[in-house]
Amino acid sequence: MIDLRQLQALAAVAAEGSVSRAAVRLGWSQPTVDYHLRNLDNLVGTALTSRSTRGSSLTAAGSLMLERGSEILALSDRALTDVRELAQLGRTRLRFGTFPTAAAHLLPGIAARLTELGIDLDAVLTEVAPLVEQVNQNTIDAALVYTASGYGLPFRSEVHTTRILRDPLLLAVPEHHPAAQRESIDLPTLRSLHEEAWVFGATPGDTIDDIVRDLFTADGHTAEVALRTDDYTVVLGMVAAGLGVGLVPKLAAAHPPAGVALRPLDDPRFAREILLAAKGPASGPPPAVRQLAEALRRTVESLA
């Protein structure tokens with residue numbers, strides 16, 4: 001069985017580039033670091049570090065062990081922190097990530113409901129790609145993310161996802177635009193906008209951008225990108241100024257500025273599927289995450 005000290009020694013060598021500096025970093029003797037590295041090599045059956053006169057580095061196997069081992073160390077630290085907090089305060093802490101538009105509408109209600117249950121939230125606001133990575137690496141306990149029909153997210157197999165909300169996409173155009181005269185936008189009309197200047201997200205891999213890009217690519221066209229931003233307030237401002245058009249989720253379009261026309265899309269595929277993602281055993285997420293899912297469900301119902 002792996003000893004946590006073996007993983008600590010490997011991580012310190014990776015960070016410092018030598019066994020001697022790793023020993024200083026950990027406050028151990030150099031023979032102690034060597035001892036734990038040697039035992040870890042014996043346990044996995046191959047060398048995890050490579051040494052030379054210039055120092056020490058990780059082998060390919062060592063890099064893989066460090067990636068997995070970092071998750072183990074993080075989980076170990078989290079277990080100690082949670083149990084200590086629960087013993088001292090009778091409360092537990094949940095690290096929760098969400099993208100900004102969901103945070104604005106859902107986070108206050110979620111936090112209030114979990115506080116009643118003795119669960120404190122450490123909230124992280126960022127875009128979907130970093131949230132997926134943080135869930136995979138176990139640096140957060142759960143995250144709200146979004147995708148769309150036919151577009152997957154690169155979660156590891158042990159990550160569970162639960163559908164929370166369907167958030168329709170709206171076409172945002174200047175109020176004088178011909179499309180603004182329609183009550184809704186069908187696919188032929190949307191395809192005809194390939195020559196328009198589009199406002200896309202700044203973070204690579206945004207599903208909303210992929211929907212537009214793939215729609216035009218299927219017809220042999222390329223989307224003309226005028227501006228990139230992850231802030232939908234900026235998107236709507238650019239549209240109001242006549243600088244472009246864009247797709248905007250309904251959650252982010254409650255108070256559009258003057259000069260913007262928002263039109264629904266006829267095709268039901270044009271919607272964000274908002275999911276709760278969390279690592280857990282085959283039996284399902286841990287209790288605190290299940291309480292989070294229930295708080296989300298109740299918050300969404302209160303907005304209906």
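The pLDDT is the predictor's confidence in each residue, on a scale from 0 to 100. The structure described here is a predicted model, and its protein chain has an average pLDDT of 89. A score of at least 70 is reached by 96% of the residues. Among the elements of the chain, the lowest mean pLDDT, 80, belongs to helix α4 (residues 60-89), and the highest, 96, to strand β10 (residues 260-264). Where pLDDT is low, predicted coordinates should not be read in detail.

In soluble globular proteins, nonpolar side chains tend to be buried together. In the present model, the largest nonpolar core comprises 71 residues. Leu-144, Leu-171 and Trp-198 have the most contacts inside this core. Its largest share, 8 residues, is supplied by strand β6 (residues 159-174). Another core, of 14 residues, lies apart from the largest one; Leu-7, Leu-10, Ala-12 and Leu-40 are among its members.

The surroundings of Leu-171 were examined with neighbours within four places in sequence left aside.

Packing between helices was considered next. Two packed helices are described by the angle between their axes and the distance between the axes. For helix α5 (residues 100-116) and helix α10 (residues 287-303), the axes come within 9 Å and cross at roughly 125°. Because of this angle, α5 is oblique to α10. The crossing in which α5 passes α10 is right-handed. On the α5 side, the contact is formed by His-105, Leu-106, Gly-109, Ile-110, Arg-113 and Leu-114. On the α10 side, Gln-291, Leu-292, Ala-295, Leu-296, Arg-298, Thr-299, Val-300, Ser-302 and Leu-303 take part.

Asn-136 is located in helix α6. Its relative accessibility is 9%, so Asn-136 counts as buried, the cut-off being under 20%. With neighbours within four places in sequence left aside, Asn-136 is in contact with Glu-71, Pro-154, Phe-155, Arg-156, Val-159 and Lys-279. Asn-138 lies in the loop between α6 (128-136) and β5 (142-147). Its relative accessibility is 10%, and Asn-138 therefore also counts as buried. The phi angle of Asn-138 is near 65°, a positive value in a residue other than glycine.

Methods:
Residues numbered from 1 in each chain as written. Heavy atoms only, no water. Core = buried A, V, L, I, M, F, W, Y, C linked by side-chain atoms within 4.5 Å. Buried < 20%, exposed > 50% of the residue type's maximum accessible area, 1.4 Å probe, protein only. Helix = DSSP H or I, 4+ residues; strand = E, 2+ residues; numbered from the N terminus. Contact = heavy atoms within 4.5 Å. Axes fitted to C-alpha atoms, helices over the stretch in contact; angles between N-to-C directions. Parallel < 35°, antiparallel > 145°, perpendicular 65-115°, else oblique. Left-handed = near helix turned anticlockwise from the far one by under 90°.
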